[in-house]
Amino acid sequence: MATVAGAERAPTAGSGAEAVRGANTAAPRGRWRRHVPPYLAISPYYVLFTVFGAFPVGFSLYLSFQDWDGIGDMRFVGLQQYRWLLHDSVFWHSILNTFEIWFMSTVPMLLLALVIAFLLNAQVRHATAYRVAYFIPNVTSMVAMTIVFGSVFAQAGLANSLLKAIGVDGVDWLTSSLGIKSAISIMIIWRWVGYNALIFLAGLQAIPTELFEAARVDGASSRQTLFRVLVPQLRPVILFAVITSTINGLQIFTESQVLFYSDDPGTTGGPGQEGLTIVLYLWQKAFNDHQFGYGAAIGWSLFAIIALFAIINWRLVSGSERENRPRISWRKGARNGR
Amino acid sequence: MAADRTTAVGAGLAIGSGSRRSRVGVRVLLLLGVLVSLFPFYWLVVMASITTQEILRFPPRLVPGTHLLENMRQVIHRIDFFGSLFNTVVVSVTGTALVLFFDSLAAFAFAKYEFPARKLLFGILLATYMIPAQLSLVPQFVTMADFGWAGSLKALVIPGAANAFGIFWMRQYAQNSLPDELLDAGRIDGAGFFRLYRQVALPLFRPALAFLGIFTFIQLWNDYIWPLVVLVNPDRLTLQVALANLNVAYNTDYAVVMAGALMSVIPLIVVFLIGARHFLRDLAAGATKM
């Protein structure tokens with residue numbers, strides 16, 4: 001299918017561009033012919049994206065102005081879905097939950113990853129074995145490991161047994177607001193800390209050692225070396241980790257869905273819906289309650305939130321490029337960027 | 001506190017030497033981390049190999065028992081384990097093969113050929129990479145239903161058969177690792193685009209293909225939300241969805257659920273350990289080149 005569509009596409013795209021080029025090059029006929037193979041080669045992605053990416057995105061905008069249960073007739077309701085959304089306290093709750101979980105997981109995770117990266121950098125023997133061990137959590141199925149963590153955090157589970165053994169009262173991991181968010185955050189940290197540590201490690205190893213020697217010759221203190229040499233050098237890698245953690249963090253779904261599965265829509269996301277994330281709410285509205293238009297509207301809201309974060313991230317990146325002076329610290333640069 | 005520690009280690013790195021004591025300290029901390037990282041798997045093995053009564057006992061049993069085979073038999077009895085394993089393997093293998101083929105082909109064209117609108121097309125590709133997947137969850141499902149693909153494994157394989165991330169990443173690799181002289185030599189021998197791709201580019205792409213292959217395979221194997229939504233036929237599920245169903249339907253039978261979780265995790269860990277060396281090196285390289 002893809003090949004046929006690609007063959008149709010390629011000549012059109014080629015001859016269109018050729019018309020422009022024809023002004024200063026002769027022999028237009030055989031010219032575009034040699035462009036056919038590369039166009040053919042790249043066409044599958046564009047064909048697939050048009051059918052399964054661009055069309056659904058456009059359609060989802062259309063859907064978000066409709067009232068539709070997925071089977072019967074659509075009814076145009078204009079901005080009504082978005083108006084409902086603005087007054088839907090459950091939706092706002094899901095946004096708050098998502099941000100709380102994102103914050104509680106991302107900040108400790110990145111700090112911990114940085115520490116692990118330094119340790120791995122100092123460890124020379126068995127380097128690959130250590131990397132594999134730290135990366136394995138990222139490889140395994142989220143569903144399976146959520147089931148494991150679910151039993152660890154159960155009222156009489158391993159976590160509370162350990163606390164009891166050292167004489168501390170058990171925690172309501174899966175029934176209280178803070179407990180639910182902590183449990184989910186711990187799962188996310190466990191899963192992603194090794195991945196981020198390896199990315200930081202790669203950044204660390206790309207720093208030329210001469211920089212550190214120069215700092216030492218100039219009599220820099222450890223603190224100065226850290227903030228004036230190391231952190232500025234690591235900034236692109238840190239930004240990469242922050243961006244990916246944000247995009248992943250705002251789309252948390254599996255942990256909450258598997259931990260708190262329930263037929264009753266009022267309790268999706270666990271007791272008090274404290275584990276209800278934006279994507280979980282989207283899934284529940286669209287595929288459990290069959291409110292497709294509402295689900296699409298939630299999707300667009302999520303998109304707006306992620307776009308907002310992307311802009312903030314982008315400002316941070318361009319801000320750091322503007323001040324390419326070596327003496328600026330990460331902290332200061334970040335504030336200027338905003 | 002974390003900052004203090006990084007200062008110390010950072011200084012160690014700057015000086016480029018570590019005392020014997022600090023080397024031992026590093027190793028102890030690292031081993032502690034490895035313990036935390038691997039413990040959940042050990043705990044999974046423990047719970048999968050004992051009875052539900054033993055799981056619920058206090059104090060908990062900390063070493064594996066002898067009920068593993070019995071629990072696994074129960075899993076096979078209660079869900080179509082091999083059927084869903086088969087589906088997952090089909091989706092992961094065909095999906096990975098298609099991604100490797102289409103992405104490397106497109107990357108080859110983008111990296112080594114001049115053609116009109118190349119920059120524009122590549123820009124569009126990068127822009128589409130930014131669109132979050134969940135935005136189109138609902139309409140994508142509707143599209144699949146219109147195609148008659150809801151419930152079919154095609155819905156898991158075809159839409160992602162060529163992806164922006166892979167093309168972008170492979171193109172970076174191709175630019176650095178595929179010398180133009182080799183391609184020119186091939187052209188003098190009369191080789192066209194597709195023969196150059198197959199005989200010159202593909203062999204040199206091998207390390208990049210190993211990375212992208214493992215990455216894609218893991219993603220397809222573990223994907224949950226999309227199969228959950230689109231596989232409407234309860235007789236044809238992937239392993240992840242079947243496991244989640246087992247967890248819901250038999251949520252008091254911990255031991256059986258844990259055995260199911262263990263069975264779903266092991267094949268992927270084996271694949272990962274086989275390719276880990278390549279994979280980890282290329283993962284790190286990809287991040288720093290950004």
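## A walk through a two-chain predicted model

Of the 338 residues of chain A, 42% count as buried. Keep in mind as you look around that this is a predicted model. The secondary structure of chain A consists of 15 helices and two strands.

Let us turn to where the chains meet. Here 89 residues of chain B are in contact with 96 residues of chain A. On the side of chain B that touches chain A, helix 15 (residues 254-288) of chain B gives the most, with 16 residues. That side of chain B divides into 67 nonpolar residues, 19 polar ones and three charged ones.

The largest nonpolar core has 165 residues. Those with the most contacts inside this core come from chain A, namely Tyr45(A), Ala117(A), Ala197(A) and Phe200(A), and from chain B, namely Ala106(B), Met258(B) and Ala261(B). Helix 9 (residues 177-205) of chain A supplies the largest share of the core, 17 residues. The core also draws at least three residues from each of domain 1 (2-63) and domain 2 (85-337) of chain A.

Finally, if you like checking backbone torsions, two histidines in chain A deserve a look. His126(A) is not a glycine, yet has a positive phi of about 55°. This residue lies in the loop between helix 5 (89-122) and helix 6 (127-139) of chain A. Is His126(A) buried or exposed? His126(A) counts as exposed, because 12 other C-beta atoms lie within 10 Å, and a residue is exposed if that number is 12 or fewer.

The other histidine is His290(A), also a residue other than glycine, with a positive phi near 55°. His290(A) sits in the loop between helix 13 (278-288) and helix 14 (292-322) of chain A. With 14 C-beta neighbours inside 10 Å, His290(A) counts as partly exposed, since that class lies between the exposed limit of 12 or fewer and the buried limit of 20 or more.

Notes: Residues are numbered from 1 along each chain as its sequence is written. Chains are lettered from A and ligands numbered from 1 in the order in which they are written. This is a predicted model: local features need pLDDT of at least 70, side-chain atom pairs count only at pLDDT 80 or more; totals for chains, interfaces and linings use all residues. A nonpolar core is a set of buried Ala, Val, Leu, Ile, Met, Phe, Trp, Tyr and Cys residues joined through C-beta atoms within 7 Å. Helices (H or I, at least four residues) and strands (E, at least two) are DSSP runs, numbered from the N terminus. Domain bounds come from an automatic or database domain assignment. Two residues are in contact if their C-beta atoms, placed from the backbone, lie within 7 Å. Ala, Val, Leu, Ile, Met, Phe, Trp, Tyr, Cys and Pro count as nonpolar, Asp, Glu, Lys and Arg as charged, and the others, Gly among them, as polar.
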